[in-house]
Amino acid sequence: MSTNYFSREEVAKHNNSESIWIIIKSYVYDVTDYLNEHPGGAELIKECAGKDATSDFNNFGHSSDASNLMKLYKIGKIKVGIAYFIFYVVYNLQFTLSFLP
Ligand code: HEM
């Protein structure tokens, strides 16, 4: 199955009750239909609409049930920008080289 990639700008557009997307750990979730079923309430999720909710999600210590449920709403991944990609490669190269004698 091919993966859909979205930029953070694209996700940010889905910030209203018509369509609510959130980012958790680099994955994109369409939670429009899940809002009213969320045990933590619709309001909390609405506040994160269009944004990265990773730290909020972690702060509330979700169970493995929640992680399983999330799979149903996953629609894709965040597209990584070229600047970040270069940073990542250089950063890891330095780390790898630091082990050489
Ligand atoms: C796809 C995204 C999410 C899913 C599938 C999800 C699912 C769940 C589930 C199943 C529970 C019940 C307890 C558990 O099993 O851990 C829960 C509780 C909760 N969630 Fe989420 N959640 C999501 C996103 C969020 C976000 C973004 C926030 C915060 C901004 C949040 C805040 C909470 C809170 C505060 C509770 C505790 C409710 C209570 O115990 O009274 N959740 N969530």
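Start at Lys 25, which is exposed, with 12 other C-beta atoms within 10 Å. The cut-offs: a residue is buried if 20 or more other C-beta atoms lie within 10 Å of its own, exposed if 12 or fewer, and partly exposed in between, with C-beta atoms placed from the backbone. Residues are numbered from 1 along each chain as its sequence is written. The model is predicted, so local features need pLDDT of at least 70 and side-chain atom pairs count only at pLDDT 80 or more, while totals for chains, interfaces and linings use all residues.

**Stop 1: the turn**

Stay on Lys 25. It sits in the loop between strand 3 and strand 4. Helices (H or I, at least four residues) and strands (E, at least two) are DSSP runs, numbered from the N terminus. Check the backbone: phi of Lys 25 is near 50°, a positive value in a residue other than glycine.

Now select Ser 26. This residue also lies in the loop between strand 3 and strand 4. Ser 26 counts as exposed, with 11 C-beta neighbours inside 10 Å.

**Stop 2: the hairpins**

Select residues 19-24, strand 3, and residues 27-30, strand 4. They run antiparallel, joined by four bridges. Two strands pair if DSSP finds at least two bridges between them. Strand 3 and strand 4 form a hairpin with two residues between them. Look across from Ile 23: its bridge partner in strand 4 is Val 28.

Go to the other neighbour of strand 3. Strand 2 joins strand 3 by two bridges, antiparallel. Two residues link this pair as a hairpin. Asn 15 stands opposite Ile 20 in strand 3.

**Stop 3: across to strand 5**

Select residues 74-78. This is strand 5, which pairs with strand 4 in the antiparallel sense over three bridges. Two partners to display: Tyr 29 stands opposite Lys 74, and Tyr 27 has Lys 77 as its bridge partner.

Pick Gly 76 in strand 5. Gly 76 is partly exposed, with 17 other C-beta atoms within 10 Å. Leaving aside neighbours within four places in sequence, Gly 76 contacts Thr 3, Asn 4, Tyr 5, Phe 6 and Val 28; contact means C-beta atoms, placed from the backbone, within 7 Å. Draw a distance from Gly 76 to Ser 26: their C-alpha atoms are 8.9 Å apart, across 50 residues of chain.

**Stop 4: the core**

Which residues have the most contacts inside the largest nonpolar core? Select Ile 20, Trp 21, Ile 22, Ile 23, Ile 24, Tyr 29 and Ala 53. The core has 14 residues. Strand 3 and strand 4 each supply at least two residues. Strand 3 gives the most, with five. A nonpolar core here is a set of buried Ala, Val, Leu, Ile, Met, Phe, Trp, Tyr and Cys residues joined through C-beta atoms within 7 Å.

Five of the six residues of strand 3 are buried, so the strand is largely enclosed by the rest of the structure. Show the surroundings of Ile 20. Not counting residues up to four places away in sequence, Ile 20 touches His 14, Val 31, Thr 32, Leu 35, Ile 45, Lys 46 and Ala 49.

**Stop 5**

**Stop 6: the annotated spans**

Select residues 3-79. UniProt places "domain: Cytochrome b5 heme-binding" there, from an unreviewed entry. UniProt positions follow the numbering used here, feature names are shortened, and annotations may be inferred rather than shown by experiment. The span is 31% helix and 25% strand, with its end C-alpha atoms 11 Å apart.

Finish on residues 80-100, listed by UniProt (unreviewed entry) as "transmembrane region". Here the chain is 76% helix and 0% strand, and the end C-alpha atoms are 29 Å apart.

Key: Two residues are in contact if their C-beta atoms, placed from the backbone, lie within 7 Å.
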